[in-house]
Amino acid sequence: MAVAEQQENPLLEGLRLRRTPDPCALVIFGASGDLTKRKLFPALYSLALRHLLPERFGIIGVARTEESDDDFREAMKAAVQEFGRDAFQQETWDWLAERTRYVATDFADEGGQQRLVGALNELDEKQGTSGNRVYYLAVPPSAIATLIHEIGEHRSTDGWTRLIVEKPFGRDLASAQELNAELQQSFEEREVFRIDHYLGKETVQNLLALRFANGIFEPIWNRQFVDHVQITVAESIGIEGRAAFYEQAGAIRDIFQNHLLQLVALTAMEPPIDFTAESVRNEKVKVLRAMHTPGPKHVVRGQYGQGFIEGEEVPGYRDEPGVARDSMTETFVAAKLFVDNWRWADTPFYVRAGKRLARRETTIAIEFKRAPHPPFEESAEGELQPNVLVVHIQPDEGVSLEFAAKVPGQGLTLRTVHMDFLYGGAFRTGIPEAYERLILDCLLGDTTLFTRSDEVEEQWSLVDAIVAFWKRDRPAFPNYEAGTWGPAAADELMRRDGRSWRRH
Amino acid sequence: MAAALGSIAEIERELGAQRVDPESGQPMQRTSVMTHLAWVPEQWVEAAEDVLSGLAERHPSRTIVLVPDPDAEDALEASVEVDCYPVGEHRKVSMETIRLKLCGKRVQAPASVVEPLLLPDLPVFLRWRGLPPFGEQPFEQLVDTVDRLIVDSTEWPGLPAPYGRLADIFDRVAVSDIAWARTSRWRAQLASLWPGIAGVRRIKVLGTEAQAHLLAGWLRSRLGRKIELEHEAADRLTGVELDGEPTPFPPGDPPDPADLLSDELERFTRDRVYEDAVSATRM
């Protein structure tokens, strides 16, 4: 037996075993908030349904609201039933509910932390969570610094500790650096999981597969063949009652600083040597460091006015509840960016993000240079379009390629056609929600799909430069109608360069 | 009911016609990740259709169901079906099923019927219901046409002898066995008993004959020595004893037949551990 103990287990060969997280307790700060209801508990339920959570597991919801464990469980059960992607199964819910507690506390209070520590110790005893902790900070930005400090002061000495920090991480470079400094006092970088849920989306990860697992794309993925790149993150919804947050953040902090810049980084990055957290994040940081916008003329901001979405009249931003009547918060931002490196020098990346646009759509479009000399005398139906490779992030996840084809019949008339790959068409298994993937990765200690401190600081550097431009003028808001594709200046941004936004 | 199609050209024409969306008049998008052949003798038709219906949505493919009828008059009788599934918010994709009855002498030349219907550049899987007629034309032809053969040795009489014939084709085609897939939970459970399991001398399996032989073959091949097998018949794997000691029941629920086949359709390489286990079933 002594010999066998020293050997590798030969019975494991060929078994497709899933990695299971260590026993642990998950503490959600902001447990009464929308994110917990709409995303976190439905994600935890889906993970439980698939037996992806450890058997020895516990959840503690923390918020200021006074309520009992049972009240909290009932509220979360309703949330899972309303927002979950899986059919509700009582047995799975019972498993999760049995492991769920609620602590009403305010960390500003003396003894607030002690109530939580007591509940965690109880979980360790009853559920065997072994002192391992994940703290999910689903709280407003103003509360984050205090929580980081308090958690750091009282961190468990028995097991490991991990921190998930929701976006936005700071509101400018200086505040992000302060938060990072606070974190670094009590935590190592590998213990910090700055979440950007876009990175948990299957199709965002598929962008890496598309680029680096296919030999045909990388040779032409550069300034020699690509005319420009367009990235759109469009929402048709408004601010959904989040005026307090949105008035402070605006589109640039809500979407541009994180989701949009992540998409630029993934599109422009060099191939990592492997898919480990450090390799992928090193390459993304290089892109962010090399990025600049050429000046105020190349950044457009907008704010929606009254308009129509799907035939229904919707109010303008300034008429939303909680928004100042003279608010200068932007709900739209478009910019021309450059990545100053050998691959992309002089190739513009046009990006735009906004609320109350004509439809919900996130796409990355790589527009290639036109054929240098098409040898066809008869013209195309309209002007022949350049080849465009479009990565559809949402909705209708997939990839499509636009190219020219001959119209059947006499002569040689050309028309642009689409070749589509639909992600959900080829892979019929349910696509996991981004939060499922990211929570599980955190429980497993994998930081690949989370934002590193230097990455977030580079993002803020660019945002700070843009916000500095904005201090010099005061645009006439609102400057676009709800249900359109943003202000006219955004079209002008492209038109000046002899280009236009893709037709939708 | 429409008349049976009698040639490849008629099948292709009908597929083209059915691919047009009746609402828009435009061709529906076809999505395929493989060609899936199923050799289904008449007695397996019902069971095969059940599994296929659970599979279609998960593995968009062109499915070709081959039903041999050697006693009928020489003919090819085919029907096609294009099913449409919603994808995302605005789109639908179509998938195709071709049912081919090979009558009379056509049974002897299935490859010539199937070849023109394979989707180019995509892997071809063959699900063979029942015991394959090793060495005979239909089977040998199709084995050389496909990338992966999927069998369920639970359906085979006279075990373990047929495993010897199966091992002979391992160098020609990758093989999956649903019976083997059904043991995976138990293999993981037994692996968790390492190193205590290293010295085991006897295994008793309460399950199908195939599962008993494959589990014993697996332990012999992995541990590299002779292990006695005792088998108690049951229609599914319900227990394993090692040297007279029952092993704990593995966690989770057993997968259903469509899930098992679905998992095998995601594998593209040879399963060397399975091949070693098959080779060791007769030790």
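How many salt bridges does the rule find across the interface of domain 1 of chain B and domain 2 of chain B? The rule finds zero there. The structure is a predicted model.

**Chain B as a whole**
- Chain B has ten helices and twelve strands.
- Its C-alpha atoms fill a box of roughly 65 × 50 × 30 Å along the principal axes.
- Of the 283 residues in chain B, 52% count as buried.
- Among the contacts in chain B with a separation of 6 or more, 80% are between residues 24 or more positions apart.

**The two domains of chain B**
- Domain 1 of chain B covers residues 8-146, and domain 2 covers residues 181-282.
- The C-alpha centres of these two domains of chain B lie 32 Å apart.
- Ten residues of domain 1 of chain B are in contact with ten residues of domain 2 of chain B.
- About 840 Å² is buried between the two domains of chain B, and carbon and sulfur atoms give 74% of that area.
- On the side of domain 1 of chain B that touches domain 2, the elements giving two or more residues are helix 2 (45-55) and strand 6 (124-128) of chain B.
- Helix 2 of chain B gives the most to that side, with three residues.

**Nonpolar cores**
- The largest nonpolar core has 138 residues, and those touching the most other members are A:Phe29, A:Tyr136, A:Leu137, A:Phe256 and A:Leu337.
- Helix 9 of chain A (residues 243-268) supplies the largest share of this core, 13 residues.
- A second, separate core has 68 residues, including B:Ile8, B:Val146, B:Ile197 and B:Leu214.
- Apart from neighbours within four places in sequence, the contacts of A:Leu137 include A:Phe29, A:Ile164 and A:Val165.
- A:Leu137 is also in contact with A:Ile144, A:Leu147, A:Ile148 and A:Ile151.

**Helix 6 of chain A**
- Helix 6 of chain A spans residues 141-153, and its buried residues are A:Ile144, A:Leu147, A:Ile148, A:Glu150, A:Ile151 and A:Gly152.
- An α-helix has 3.6 residues a turn, so residues three or four places apart point the same way.
- The cover over the buried residues of helix 6 of chain A includes strand 1 (24-29), strand 4 (133-137) and strand 5 (161-165) of chain A.
- Helix 5 (112-127) and helix 7 (173-186) of chain A are also among the covering elements.

**A:Thr232**
- A:Thr232 lies in strand 7 of chain A, residues 226-234.
- A:Thr232 counts as buried because its relative accessibility is 3%, and the cut-off for buried is under 20%.
- The side chains of A:Thr232 and A:Arg352 are joined by a polar contact of 3.0 Å.
- Leaving aside neighbours within four places in sequence, A:Thr232 is in contact with A:Arg352, A:Glu361, A:Thr362, A:Thr363 and A:Trp485.

**B:Val67**
- B:Val67 is found in strand 3 of chain B, residues 62-69.
- B:Val67 has a relative accessible area of 13%, so B:Val67 is buried.
- Not counting residues up to four places away in sequence, B:Val67 touches B:Val40, B:Glu42, B:Val45, B:Leu100, B:Lys101 and B:Leu102.
- B:Val67 and B:Asp263 are 196 residues apart in sequence, and their C-alpha atoms are 24 Å apart in space.

Technical notes
Residues numbered from 1 in each chain as written. Chains lettered and ligands numbered in written order. Predicted model: local features only at pLDDT ≥ 70, side-chain atom pairs only at ≥ 80, totals over all residues. Heavy atoms only, no water. Core = buried A, V, L, I, M, F, W, Y, C linked by side-chain atoms within 4.5 Å. Buried < 20%, exposed > 50% of the residue type's maximum accessible area, 1.4 Å probe, protein only. Helix = DSSP H or I, 4+ residues; strand = E, 2+ residues; numbered from the N terminus. Contact = heavy atoms within 4.5 Å. Domains from an automatic or database assignment. Buried area = accessible area lost by both parts, 1.4 Å probe. Salt bridge = Lys/Arg side-chain N within 4 Å of Asp/Glu carboxyl O. Polar contact = N/O pair within 3.5 Å; in protein donor to acceptor, adjacent residues only side chain to side chain.
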